[in-house]
Amino acid sequence: MLVTTRQPTQLHIALQQYATRALPQVQAHQHIASGQCLADHPNGVPVYAPRAGRVRSVSAQCITIDVDTDSHEAPALVEPHDHFLERVRQGAMVGLGGAAFPAHHKWRGTPHTLVINAMECEAPIHCDRALLSIRPDSPLRGGEILAEALGIARCVIAAKADFAPIFQSMLPRVPSWELFTPAPHRGIGAERTLLRALDGATLHGPASEQGYIVANLGTLDALARWWDHGFALTHRLVSVGNEQAYWAALGTPLPDLLPDTQDAQNTENAAAHSRTLRVGGLLSGTLSTEHHRGLQAQDNSLSWDDASTAPLPAEPCIRCARCAPVCPEGLLPQQLHWYQHQSEALVALGIDACTTCGACDSVCPSHIPLAAQFMRAKKTLRTQRSIDAMAERAQARFAVRNARQTRRAEQAVERRAQHRQGDKRQDAIAAALAKRRQRKAS
Amino acid sequence: MTLRNTMLSVVAATLPALAWLSLQHGWIVLIQCLTCALLCVAVEALALRWRGRSLQSVFDGSAALCGWLLGAALPLTLPIAWPWSPLWLWLTGALVAIGLVKQLYGGLGHNVFNPAMVAYAFLLLAFPQPMAQADALSGASVLDLSLQHRLGAAPWPEFGFDPVIVLWSLGGAWLWWRGILSWRLAVGVLASALLVATVVALFSEQALSPWQHLNAGALVFGAWFIATDPVTAPSSRSAQWAFGAIVGAMTVVIRSWGAYPEGFAFAIVFANAMVPLLDRWGLRWRA
Amino acid sequence: MAAALALAALMAVAGTVLALLARRWPEDTQTLLARVDAALPQTQCAQCGFPGCRPYAEALVQGDAAVNLCPPGGEATVQVLAELLGVAAQPLAQCAPTEPMKALIIEADCIGCTLCILACPVDAIMGATKHMHTVLLDECTGCELCIAPCPVDCIELVPARLC
């Protein structure tokens, strides 16, 4: 395993975060120090400068920095907050497993179990392997910090068989912790699937609501570095191809992380040019034709998507059901495929439990891109549900408003009747008011 | 593993039993299977062309397999003269299987009923005369004799072990080992047939013994090669057991009380119609 | 005789099974009115000529309105309504909007007249007399009913995806 650090010359720091977009706090041509806050958002996390340099440009999406040649990584220039979750937010902690979900949202509540997810099971991602080869202690330290701060009694390291010996040797440091090595299974790294294997727990909704925190090794490493050394999350490990990994600043242009891009440009190799870049794993990742963006917190792996990994053309489903026994969620993928455009049937078949792990893809003799279809179906369903929920709310609010207007009209009639029964002076006032209203109306 | 590999594996798995049968009955066994397969592929090509679909899927092997299994299931009818010459029969079978049951329902994966078995049942109902010929291949002759006996027209048939059932089972087991078929379907059919046959034998003097049921007709062949057709069988575990149980029980019931000697094809078509319901229930149990 | 008895018995058994199953499955409690109302997009925009989705649904059920009067629902809603009411689908009477919109008050220009608050069918505008108003974006259906009453023309429609 080769882990190297890349010294960037320019950084393209994206401001889009999981659900928010950070608001820039620097201006173009300003000189910035390493660890200076560049942007922030009250619901998101702050963005720090990974290196010192000069701001080249600022837009709503991206801050571009020309990096000083001799600059290096430095602790964040902020005063740490006392409150745990606020301090987590301050350190720009987001899940490094691939979703980049803000940790201070995920770690709310009163968890009883911390599960350290070292299951890394989707080729060609190998960030965890890289991390354990350079800083094996750090994730454990992060786990200790988290467990202590939140008062978590039970800590479980869920490690795949390759990693188990590494953790076994470190267990004496944390004697009360458990080491759990589930049977290797496609999609076991998904939060819900892992918790089922661990405790038989069935999750409906986020794990944190049922008292579980599932944390990626990289996230815990980032937490430990923030707590003990003051480094905010400005760098991450990104695996490149099958055997390489970089400790790279967020915002590093992706071509800098792909050594053979240079060769491709030099040799004008047509085949090399036609390759697409895959960001993420073979199943959950996305293909990107736009190579010249900066590295983001959710980018765990970069690889070339060439002919050897391209899927074969899909043939019709013969309902052979080879996909059913391999589904970690116990679904019937071929039925989901059959009903992929009928949302009611999909819900009845349990599409909500599908983690799109792609175990079904791997056994399908017809090479049907099932996981991709389910991902699309889930997205459509999500949109449909939000529209339905909105319509339902609008319906209720409309009914309430109409009831209120009817009630008010009735009350007005009642009041007028009471007035009529009252003395002459009241009548005179009412008459004057009515006359005035009439004048105003005309 | 591709679609074509899967289909060809099933054909390969039938070869030992078919070879044994050709040793006994001559080349007609393999000729019938091959011709049916070729006819089915031809009908598939025509139907795809007619539907304006890509002809690519002619070569996925599914039509050939369907014809091959139809050929294995049909009785050997060579000696009969026009208009019941076998070619005519085979062509009708191919038209019904591929044209009517498979392509009209939307092609591979979309058919509700097993094409080969619907074609078999269609031929049996439409052309009873040639179909009732001495059915040496699937051994329905003994079943026919037992029917005759039930009707008081023939003596009690005496027969026992037929080695071909071992060869069929070996082929099926090989497919299971390769992960191509679900053993639950096959074992479900056989277990249910034996169970129902035992009950029937306990209460009826004239009934075949469970052992005779196993050795006669298309029961073992069908359990391994027809009931396990993934397109028309259910896919959840409990539904597979239920499907097997229905097929096995219906086969014995039709053999014991029906107007036709062999009931396997009817049992399959009957159970095919219940598959969506079974799958729905099967899923509910799992959830 | 035996055949008649057998048939009768068969019918009795099948009938009992069907009756039991019908009882086990949940009844269809939704009335036609509720189903028609649920099929409408609930924007309460009154573009159909009725003062809201529920009044339009009532008119539809009574047969007093055509099924093609709901532009926000688009052709899909026309199809669903035609199927529910058992009538032929017609093309939409007006063009469907290209994408969902939301109202946005230009707060600098708002004079606090409360006219838009009164116009809003889903109570999605907050504010008080002579105080700035604002739209609750989560509740706004983009019905456009607040735009005409505004005396200073400070309400704009923006695509929902940009909000």
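## Which chains touch

Chain B and chain C do not touch, and their nearest C-alpha atoms lie 14 Å apart; contact here means heavy atoms within 4.5 Å. Two pairs of chains do touch, and of these the pair A and B has the most contacts.

A word on how to read this: the model is predicted, so local features need pLDDT of at least 70 and side-chain atom pairs count only at pLDDT 80 or more, while totals for chains, interfaces and linings use all residues. Residues are numbered from 1 along each chain as its sequence is written, chains are lettered from A and ligands numbered from 1 in the order in which they are written, and side-chain values use heavy atoms, with hydrogens and water left out.

## Where chain A meets chain C

Let us turn to this interface. On one side are nine residues of chain A, and they are in contact with 22 residues of chain C. The two chains bury about 1,200 Å² between them, with 46% of it on carbon and sulfur atoms. (Buried area is the accessible area, taken with a 1.4 Å probe, that two parts lose on being put together, summed over both.) In chain A, the residues that lose the most area to chain C are A:Arg397, A:Phe398 and A:Arg401, together 49% of what that side buries.

A:Arg393 forms a salt bridge with C:Glu139, and their closest N and O atoms are 2.9 Å apart. The side of chain A that touches chain C has four nonpolar residues, one polar and four charged. In this scheme Ala, Val, Leu, Ile, Met, Phe, Trp, Tyr, Cys and Pro count as nonpolar, Asp, Glu, Lys and Arg as charged, and the others, Gly among them, as polar.

## The overall form of chain C

Chain C has five helices and four strands, and along the sequence they follow the pattern α-α-α-α-β-α-β-β-β. (Helices, H or I with at least four residues, and strands, E with at least two, are DSSP runs numbered from the N terminus.)

How far does the C-alpha trace of chain C span along its principal axes? The spans are about 90 × 30 × 30 Å. The radius of gyration of chain C is 24 Å, whereas a compact globule of 163 residues would have one near 15 Å; the radius is taken over C-alpha atoms, and the globule rule is 2.2 Å times the number of residues to the power 0.38. Of the 163 residues in chain C, 33% are buried, where buried means under 20% relative accessible area, exposed over 50% and partly exposed in between (1.4 Å probe, protein chains only).

C:Thr77 sits in helix α4 (residues 74-85) of chain C. Is C:Thr77 buried or exposed? C:Thr77 counts as buried because its relative accessibility is 8%. Leaving aside neighbours within four places in sequence, C:Thr77 is in contact with C:Ala39 and C:Leu40.

C:Ala46 lies in the loop between α2 (32-39) and α3 (53-62) of chain C. Its phi is positive, about 65°, although C:Ala46 is not a glycine. With a relative accessible area of 29%, C:Ala46 is partly exposed.

In chain A, the loop between β3 (23-24) and β4 (31-32) holds A:His29. A:His29 has a positive phi near 70°, in a residue other than glycine, and counts as exposed at 59% relative accessibility.

Notes
A salt bridge is a side-chain nitrogen of Lys or Arg within 4 Å of a carboxyl oxygen of Asp or Glu.
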